[in-house]
Every structure is written in structure tokens, then in C-alpha cells.
Amino acid sequence: MQNIIPGVAIPIDGLSIPVSRILGRNPGPMTGPGTNSYLIGKERLCLIDPGPVDEKQLSNFLEAIKGNKLEYILVTHTHGDHSPAAKMLQAETGAELVGIEAPDALGQDHTFSPSKIWGDGDEINCDEYKLRLIHTPGHVSNHICYLLIGEGLLFTGDHILQGTTSVILPPDGDMGAYLCSLQSLKDLPLRYLAPGHGAVMDNPAKEIQHLINHRMKRERKVLSGLEKLENCLIDDLVLIVYDDVAEHLLPWAKKTMHAHLIKLQRDGIVAELDGCWKIL
């Protein structure tokens, strides 16, 4: 990721519709350089993923808006690094909130309350541009990507990240749904991917296929690990399946591996009894 100053609106090149990325002031092991917010439009504006509550970042958003009309605040999903500032920004601007309410799961922001029930295929028309909602469950059940129609730019939240992969968080997160969501994006006329963390990517087809291949390779490692250990606990299996991951990330890897196991269980390939997993 290029050296971008947190809070400063940096235009994305190659677009006829103005889009700027505003890096969050929340770097960390799970957020990388920070959460990306995106400001879209010339006069009638939308902002995607305002991030965590941060008075300084709120001032940065208002500076980037420069007195224009912020009509919509779009949220890809309701994790604490993406949506909590939406309520505060709405209070300042009167913008309409777009997204899906938080599911009943750990780590969700229940302060987010969309203006109405939004769903897959809904469109936001700001005259100079349109955005389409694309429901992409997997990372979590209420995840939405937003397509900037005509530009082929997809704002991917945590569905597709640059330089890393999303954690799948069962029971709300679902590996089968995640893979289906990735497959569905392959049918879209995409030119760019604008992730929630990391840099904009300019080869969507390659990135999406790489993720699918990566997940299927990991699934094969789950099965080979089960063959080796036969009847085993998740804590033992994760050391084999994620032998390429730093130790401090293993708790997150375990969650994603559990999502793989649940998918394989639904596929009738593995079974669980008293916390132990085996191949059928």
C-alpha cells in the first residue's frame, strides 16, 4: 500500500466519477494500515464505511466533504472498524444510512440502524452516478459490496482484502456462502476492487480466482490434516492446516478453519462428535 496519510482524501486514478480514499486512524494487526473509507461524487456525495468513532476522523470527513451534500452513508458490514462512526456522521450531515442491520453475533455494532430495509440489487441514484448493492455473505451474514455502475469499481469491504484474506466467523460467517459470493462476483464487469483494508486492485478476475483457489487449497489441507490425525480437536488440527501462519494469528485462523469444517460437514465429508472431527 502506498504511503497514505490517515484522514487525508486521496483521489483514485483512472475514474471519470471522483472517488477518494480516506485512510482510518486505526492501524493494527487485524486492520493493517487502517480501515479505508471512500468518498464518492462531486456535489451529491456518498461515503462508504466511516469506521470507528473518532472525533478527529469526523473532522477529516467534514473537511473532505467541503460543504457539499453528503446524501448517503454506506456500510459494508457492522464490525467495529467499519460502521460505528455512521451514527455520528449522520448527526452532522443528515445523510441516509444504507446497509443491513447487525446480526445477533459477537463483535457486531448494534448502534447501526439503516434508514430502511436494503437488499441485494437495490440501487442508489445520485444523478451523476449510481451504486448497486450486492449482498455478499461469508465473512459475516450482513456483508454488502457496492458496485459503482459504469466504472466497474467494486467496494469490497472485508469480502476481498488486499494482501491478506478475510477471517470467516461462524456461526454467523459461512464458508460455503463466502465461496458462492466470490463466484457470483466473477459475472460482474469489474475493473477495480476497492477493499476495506489495503490498496485498490486493478485485476479483479485474477484476485477473485486467487481467493477461491486459496480457500480450496486450505480446504484440502483440512482434509489431509484429518487424514493424518484421524479423530482430532480443532486446537490440534489448526497447527497442521495453518502451519504457515504466525502464532499470534492462530486464534483467528481457528475460526476460519472451523468455517471450513462446517462447510465440509454440510457437504457430508466430515463429522464432529464431542468436539472431535473426522473424515467420514
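Tutor: Let's start with a term: a residue is buried under 20% relative accessible area, exposed over 50% and partly exposed in between, with a 1.4 Å probe and protein chains only. This is a predicted model, where local features need pLDDT of at least 70, side-chain atom pairs count only at pLDDT 80 or more, and totals for chains, interfaces and linings use all residues. Residues are numbered from 1 along each chain as its sequence is written, and side-chain values use heavy atoms, leaving out hydrogens and water.

Student: Are Tyr 38 and Phe 155 buried or exposed?

Tutor: Both Tyr 38 and Phe 155 are buried.

Student: How do I read their rings?

Tutor: A pair of aromatic rings is described by the distance of the centres and the angle of the planes. Rings of Phe, Tyr and Trp (its six-membered ring) pair if their centres lie within 6.5 Å; planes under 30 degrees apart are stacked, over 60 edge-to-face, and the rest tilted. Here the count is one aromatic pair. The centres of Tyr 38 and Phe 155 are 5.1 Å apart with planes at 55°, so the pair is tilted. Tyr 38 lies in strand β3 (residues 36-40) and Phe 155 in strand β10 (residues 153-157), 117 residues apart. Strands here are DSSP runs (E, at least two residues), as are helices (H or I, at least four), numbered from the N terminus.

Student: Which strands pair with β14?

Tutor: Strands pair if DSSP finds at least two bridges between them. Strand β13 (residues 270-273) pairs antiparallel with β14 over four bridges, and Val 270 stands opposite Ile 279. Two bridges also join β12 (residues 232-233) to β14 (residues 276-279), again antiparallel, with Leu 233 opposite Cys 276.
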